[in-house]
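Take a look at the model below.

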Amino acid sequence: MHGVRARLTVTLVALVALTATLLGVGSYVFLDRTLHQQFLDAAAAQARFDLSVTVPDAGLPPQPGPDDIADSLLLQTFQRRGIEAVVDLGEAGAAISNDALGEAQAVLDRLPTDLTVQVAGGQLAYAWTMVGNQSSLVVGGQAQPSGPIVYLIHDARAIERTLEQLRLALVVGTFLLILVA
């Protein structure tokens, strides 16, 4: 009788552990994808607006330089909305909205190659990457066929903190369920 009870107890605890782990992992994966997708959708919609309205309305000359970007207050417009930006001006150089992210050309050089290739091909593209030691979503596109390439940098640390708290809650919850079982 004692052997059957021990096996039932071990089986019950194992099933509770397995169930809690599977539910936790499933919940985490679902929320991770959902949060990242919502953040991406909002950033992409904002980028489309900025590339079709904000940048063209900045009054830039046909071949702008870094000084033209600074004079247009375009970068400050992005910053007021909580977005950092790097404007790639080709041979004329680059402009960055926040020097704390690093030198503009260095930030451009560290962007993922597939992002820069897609943007150079005229597409709106994005990449989850580190910019200036912070987790970021970078959305890039060209303002008009001959306009500057703009990379909008969205701080993604809030998503990472939320997912970190969720991981902790799920691990603690799983251990508590195993203890109760």
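Start at Asp-50, which is buried, with a relative accessible area of 0%. Buried means under 20% relative accessible area, exposed means over 50%, and partly exposed lies in between, with a 1.4 Å probe and protein chains only. Asp-50 sits in helix H1. Leaving out residues up to four places away in sequence, Asp-50 touches Val-55, Pro-56, Phe-78, Arg-81 and Leu-152. Such a contact means heavy atoms within 4.5 Å.

A word on the source. This is a predicted model, in which local features need pLDDT of at least 70 and side-chain atom pairs count only at pLDDT 80 or more, while totals for chains, interfaces and linings use all residues. Residues are numbered from 1 along each chain as its sequence is written, and side-chain values use heavy atoms, with hydrogens and water left out.

Now follow H1 itself. H1 has 53 residues and reaches 75 Å from its first C-alpha to its last, close to the 78 Å expected at 1.5 Å a residue. That expected span is 1.5 Å times one less than the number of residues. Buried residues of H1 include Ala-17, Tyr-28, Leu-40, Ala-47 and Asp-50. Their cover includes H3, E3, E4, E5 and helix H6 (157-180). Helices (H or I, at least four residues) and strands (E, at least two) are DSSP runs, numbered from the N terminus.

Where does H1 lie? H1 (residues 2-54) lies across E3, E4 and strand E5 (149-155), and runs at about 35° to E4. Axes are lines fitted to C-alpha atoms, for helices over the stretch in contact, and angles run from 0 to 180 degrees between N-to-C directions.

Next, the sheet. Its 5 strands form an open sheet in the order E2-E1-E5-E4-E3, with antiparallel pairing. Strand E2 (94-96) and strand E3 (125-131) stand at the edges with a single partner strand each, so one side of each has no neighbour in the sheet. Neighbouring strands are turned by 20° against each other on average, direction ignored. Two strands pair if DSSP finds at least two bridges between them. E3 and strand E4 (residues 134-142) run antiparallel and are joined by 7 bridges. Here Ala-125 stands opposite Gly-140 in E4.

Is Gly-59 buried or exposed? Gly-59 counts as exposed, at 61% relative accessibility. Its place is the loop between H1 and helix H2 (66-72).

Finally, step back. The chain has 6 helices and 5 strands. Its radius of gyration is 24 Å, well over the 16 Å that the globule rule gives for 181 residues, so the chain is more spread out than a compact globule. The radius is taken over C-alpha atoms, and the rule is 2.2 Å times the number of residues to the power 0.38. Along its principal axes the C-alpha trace spans about 90 × 30 × 25 Å.
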